[in-house]
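Please look over the sequence and the structure shown below before reading on. The report that follows moves from a single loop residue to the sheet and then to the helices.

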Amino acid sequence: RMAVAITVTKDGPYLDGAAVLIQSVIDSQSKFALDMVAIVHPGVVTTRPGLRKLGFRIHEFKPPIRSEEIKGKHLRETIDKSGCCGALELLKICAWKLDMYYRV
């Protein structure tokens with residue numbers, strides 16, 4: 001099996017984008033059996049029911065590293081202000097743990 005994955009780091013109005021992704025996957029008429037997977041932070045609570053209703057399989061992971069554990073000074077001092085989610089952006093690394101899939 002293969003999976004198409006999204007990462008959700010916090011609750012919010014993200015279900016529209018998730019629904020568009022699912023419809024796009026359906027429209028692609030892939031010859032592969034694809035699971036829709038949501039990699040979520042433990043703090044994501046109110047968004048989970050909507051993700052399940054859309055067809056996502058929920059996989060919860062803690063962040064792979066805390067910013068204070070980063071050895072490089074520049075990254076350690078700037079990551080929490082980077083991107084939409086700071087160090088939580090690294091949650092996507094947890095896709096490597098989804099070893100029940102041939103490809104994610």
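## A loop residue and the basis of the model

Does Lys62 count as buried or exposed? Lys62 counts as exposed because its relative accessibility is 65%, where buried means under 20% relative accessible area, exposed over 50% and partly exposed in between, for a 1.4 Å probe and protein chains only. Lys62 is found in the loop between S3 and H3; helices (H or I, at least four residues) and strands (E, at least two) are DSSP runs, numbered from the N terminus. Leaving aside neighbours within four places in sequence, Lys62 is in contact (heavy atoms within 4.5 Å) with Pro42, Leu91 and Cys94. With Pro42, the separation along the sequence is 20 residues, while the C-alpha atoms are 6.3 Å apart in space.

This is a predicted model, in which local features need pLDDT of at least 70 and side-chain atom pairs count only at pLDDT 80 or more, whereas totals for chains, interfaces and linings use all residues. Residues are numbered from 1 along each chain as its sequence is written, and side-chain values use heavy atoms, with hydrogens and water left out.

## The sheet

Three strands form an open sheet in the order S1-S2-S3, with parallel pairing; two strands are taken to pair if DSSP finds at least two bridges between them. The edge strands, each of which pairs on one side only, are S1 (2-8) and S3 (56-60). Neighbouring strands of this sheet are turned by 30° against each other on average, direction ignored, where axes are lines fitted to C-alpha atoms, for helices over the stretch in contact, and angles run from 0 to 180 degrees between N-to-C directions.

Seven bridges join S1 to S2 in the parallel sense, and Val4 stands opposite Met36 in S2. On the S3 side, strand S2 (residues 34-40) pairs in parallel over five bridges, with Ile39 opposite His59 in S3. Six of the seven residues of S2 are buried, so this strand is largely enclosed by the rest of the structure.

## The crossovers and helix H1

S1, H1 and S2 make a right-handed β-α-β unit, and the chain then crosses from S2 through helix H2 (residues 48-54) to S3 in a β-α-β crossover that is also right-handed. A crossover is right-handed if, with the strands pointing away from the viewer, the path from the first strand over the helix to the second runs clockwise.

Helix H1 (residues 15-28) has 14 residues, which at 1.5 Å a residue should span 20 Å, and its end C-alpha atoms are 20 Å apart, in agreement with that value; the expected span is 1.5 Å times one less than the number of residues. The buried residues of H1 are Ala18, Ile22 and Val25. They cover an arc of only 60° around the axis, which puts them on the same side of H1, the arc being that of the directions from the helix axis to the C-beta atoms. What covers these buried residues includes S1, S2, H2 and S3, whereas on the other side of H1, Asp16, Val20 and Asp27 are exposed.

## After H1: Gln29

H1 is followed by Gln29, which lies in the loop between H1 and S2. Gln29 has a positive phi of about 50° although it is not a glycine. Most residues other than glycine have a negative phi. Gln29 is exposed, with a relative accessible area of 70%.

## His59 and Met100

His59, found in strand S3, counts as buried because its relative accessibility is 18%. Leaving aside neighbours within four places in sequence, His59 is in contact with Val37, Ala38, Ile39, Val40, Leu98, Met100 and Tyr101.

One of these contacts, Met100, has its place in the segment after helix H3 (73-78). Met100 counts as partly exposed because its relative accessibility is 48%. The C-alpha atoms of Met100 and Ala3 are separated by 9.5 Å, although these residues are 97 residues apart along the chain.
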